[in-house]
Amino acid sequence: GGGKRFFLYFLVISIAVAAAYPDAGRRGGPLKPKITVSWVAVVLIFFITGLKLKTQELTKAAAYWNLNIYVLCFTYIFIPGTVFILTLLLRLTAYNKDIIDGIVVMSCLPTTISMCVILTKTAEGNEGAAVFNATVSNFIGIFLTPALLLLLLGESGSVSLADIILKLCVRVIVPVAGGQLMRYTLPCLIPWVTRNGKNLKRFSEILLLYIVYATFCNTFYVGVDAQPEEFAILLAILVPLYLVYCAVCFSTATLECLRYERADVIAVLFCSTQKTVALGIPLITAIYEESDNAGILSIPVLIYHPMQLVIGSLLVPWLTTWALEGAKDDEEKGVPVGTVKR
């Protein structure tokens, strides 16, 4: 709907404005990004995340543990592992090193927070499982993504392990915990949060756009060491990569031995293959704020994000038909709809 388009339009606009006038949002510039981005925007985004995480509902969905293990392995082992091998090959070429690092960063991110749920719901998939996987994946990602980055990229000159852990605690874990605490201590807030879900999401998106804007101000101010054709190459790498992940996921999730319903497969497909820009950009900001390459590092996920939305939306009609066929077959066989085969 309009929400998705709002973000994509303004993403392009904010990068264009940053390119035209990078002085305003650069590090040390009048907008003071060291405070307004690294602290205010990042902390608020994670606080809202904590406020909206419906952890009470997680206990219900924990019954889907066999789906969750698959999704977590695909998200945090299969994708980072295969991307790492791909980037080892890319490093043998003259391709931009920062973009290659950015592809690794992207591969270690959690799944999307809401996109995978919306697409699953639209395609008649198992929405409960999607919500659970998106929530668990993002919660685990707060700890696991930085750990994977250290493993795959090592400590770069600008970031030390102790520094990262401190920043993540203060900017990510504390705000998420604070949001959760408010949910539990002030239950009267929950109806308000539910009512204003859309507004909170829009507010998070505006903060996210501000982070992107300031990051790119700095990138353009310092000077971009990436050629336009390198972005075209990146697109030519990411589109087939995403399609391969969808194909691998679909063909393995439909294996007999896993006994997943068709609705489950759809949830697994969207949750396993997607990467979040909503936590990706703040995490990159929290970890690499001192580095002038933060803008280039975030380009792969900024391209992957709209691409997975477009391809995902194109898959929806086909998956819907497939899901409904499965439901019809089950009715004919007399299998009660909505049971998880164990």
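Which helices are included in what covers the buried residues of α2? The structure is a predicted model, in which local features require pLDDT of at least 70 and side-chain atom pairs pLDDT 80 or more, whereas totals for chains, interfaces and linings use all residues. Residues are numbered from 1 along each chain as its sequence is written, and side-chain values use heavy atoms, with hydrogens and water left out.

Helix α2 spans residues 33-52; helices here are DSSP runs of H or I with at least four residues, numbered from the N terminus. Its buried residues include Val37, Ala41, Ile45 and Ile48, where buried means under 20% relative accessible area, exposed over 50% and partly exposed in between, with a 1.4 Å probe and protein chains only. The cover over the buried residues of α2 includes α8 (161-185), α9 (189-195), α10 (197-222) and α13 (280-288), contact being defined as heavy atoms within 4.5 Å.

Attention now turns to helix α7 (residues 127-153), where Thr145 is found. Thr145 is buried, at 1% relative accessibility. Beyond its neighbours within four places in sequence, Thr145 is in contact with Tyr76, Cys108, Leu109, Pro110 and Leu283. The side chain of Thr145 also reaches the backbone oxygen of Cys108 at 2.8 Å.

The cysteines form 0 disulfides, a disulfide being a pair of cysteine sulfur atoms within 2.5 Å.

How values were computed: Helix = DSSP H or I, 4+ residues; strand = E, 2+ residues; numbered from the N terminus. Polar contact = N/O pair within 3.5 Å; in protein donor to acceptor, adjacent residues only side chain to side chain.
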